[in-house]
Amino acid sequence: SVWAWGACRGAGPALIAAHTIGRATSASLIKQHEYLVDDGDAKGGFYSWMTRSREVLTWPRVAFAALTGGAVGSLLYGPRCGGGMAACVIGGSTFLAGEYGEYVLGGVMGDFLGATICVTEVSVYAALLGMHQGLRFELTKGPLSRLALTLGAVHLWCQFVARKNLWPAEDAERAERQEAETVTAGEEEKEGGVTYQQAMDVVDAKAKPKGSLGTLEDWACRMAVLQDSLTPSADRAHLVVFCADHGAAKSKEDGGEACSAFPQAVTGAVAAALGSGVGGGSVLAMSVGIQEISILNVGIAGNGEWK
């Protein structure tokens, strides 16, 4: 490595420039796009605080991150080459990554930010390679032109050809929320009151990790819309237990796998206990004020003494 103000060469300066410029993209992406938390990820709870990062990440701080990348590039490779490279790479990576994140995820998340940093670092290395080959920082020659054409082609395809149908969203929570909004849309239009999103905003503002209550949050929001109240009630709850046996739980003599801890004859006894109010589920239900309990036979083997 050659270390000289504005004229550095080699791996050492390139690593410093790439890492600094790459990480400058995260601040702008978090500021401009919603941060998503994957509730299915075991680490999701540790990142839930990131959903509030936009509140403390001000534009001056975003500008400071970008200027830091530009300053490092200028000190290592000169204002024209290093500073220009930093400005173009940070701006281009942030714009394209933001478009792609909104296109696929509907926002950004931790792994996505990390991937953006990696791609930005590769872009810096490509730019430095072009500079050291005597191409300077021109987007009309060498690896820089190929990089620009590749990124531009992806962006144009997503914008004008695929039109958000190339990769359907895989976020189950968002799909459930969209379904719930569709189910309750008629009530919202008829009553003109509480909307599903308004109810979800209230739930998300509670002192808990976002989405930590699972489908209970979805049902609470549905009830809020149906009752036209941000404080819905469930005073008349009804417990319904569906009881059945699985064929694989039969004994091996009867063609099953004998994979259950108890024989199928126990199922009827458990159902009878639930119906008489002495089963565990019935006792728990009555302890919270649920008096209406229905036990439905949807496939108990042999029925036994309970029907």
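This tour moves through the model one selection at a time, from the whole chain to single residues.

Start with the whole chain in a cartoon view, bearing in mind that this is a predicted model. The secondary structure comes to 13 helices and two strands, and of the 307 residues in the chain, 33% are buried. Among the contacts with a separation of 6 or more, 63% are made by residues 24 or more positions apart.

Next, select Ile21, Leu76, Tyr77, Met85, Val124, Leu128 and Met131, which are the residues with the most contacts inside the largest nonpolar core, a set of 18 residues. Colouring helix 1 (11-32), helix 4 (59-77), helix 5 (79-104) and helix 6 (110-135) will show the elements that each give two or more residues to this core. Another core, of 13 residues, lies apart from it, and Leu29, Tyr35, Met50 and Val108 are among its members. As general background, nonpolar side chains in soluble globular proteins tend to be buried together.

Staying with helix 1, select lysine 31, which is found in that helix. Is lysine 31 buried or exposed? Its relative accessible area is 18%, and the cut-off for a buried residue is under 20%, so lysine 31 counts as buried. If neighbours within four places in sequence are left aside, the residues in contact with lysine 31 are Arg54, Leu57, Thr58, Trp59 and Val62.

Now move to helix 10 (residues 196-204) and helix 11 (residues 215-227), which pack at an angle of about 130° with their axes 8 Å apart; the two helices are therefore oblique to each other. The crossing in which helix 10 passes helix 11 is right-handed. To display the contact itself, select Tyr196, Ala199, Met200, Val203 and Asp204 on the helix 10 side, together with Glu217, Asp218, Cys221, Arg222, Ala224 and Val225 on the helix 11 side. Sorted by class, this contact of helix 10 with helix 11 has seven nonpolar and four charged residues, and no polar ones.

Finish with two backbone details, for which the background is that most residues other than glycine have a negative phi. Aspartate 228, in the loop between helix 11 and strand 1 (238-243), has a positive phi of about 55° although it is not a glycine, and with a relative accessible area of 35% aspartate 228 is partly exposed. Alanine 258, in the loop between strand 1 and helix 12 (265-276), also has a positive phi, near 50°, and at 46% relative accessibility alanine 258 counts as partly exposed.

Notes: Residues are numbered from 1 along each chain as its sequence is written. This is a predicted model: local features need pLDDT of at least 70, side-chain atom pairs count only at pLDDT 80 or more; totals for chains, interfaces and linings use all residues. Side-chain values use heavy atoms; hydrogens and water are left out. A nonpolar core is a set of buried Ala, Val, Leu, Ile, Met, Phe, Trp, Tyr and Cys residues joined through side-chain atoms within 4.5 Å. Buried means under 20% relative accessible area, exposed over 50%, partly exposed in between (1.4 Å probe, protein chains only). Helices (H or I, at least four residues) and strands (E, at least two) are DSSP runs, numbered from the N terminus. Axes are lines fitted to C-alpha atoms, for helices over the stretch in contact, and angles run from 0 to 180 degrees between N-to-C directions. Angles under 35 degrees count as roughly parallel, over 145 as roughly antiparallel, 65 to 115 as roughly perpendicular and the rest as oblique. A crossing is left-handed if the near helix is turned anticlockwise from the far one by less than a right angle, and right-handed if clockwise. Contact means heavy atoms within 4.5 Å. Ala, Val, Leu, Ile, Met, Phe, Trp, Tyr, Cys and Pro count as nonpolar, Asp, Glu, Lys and Arg as charged, and the others, Gly among them, as polar.
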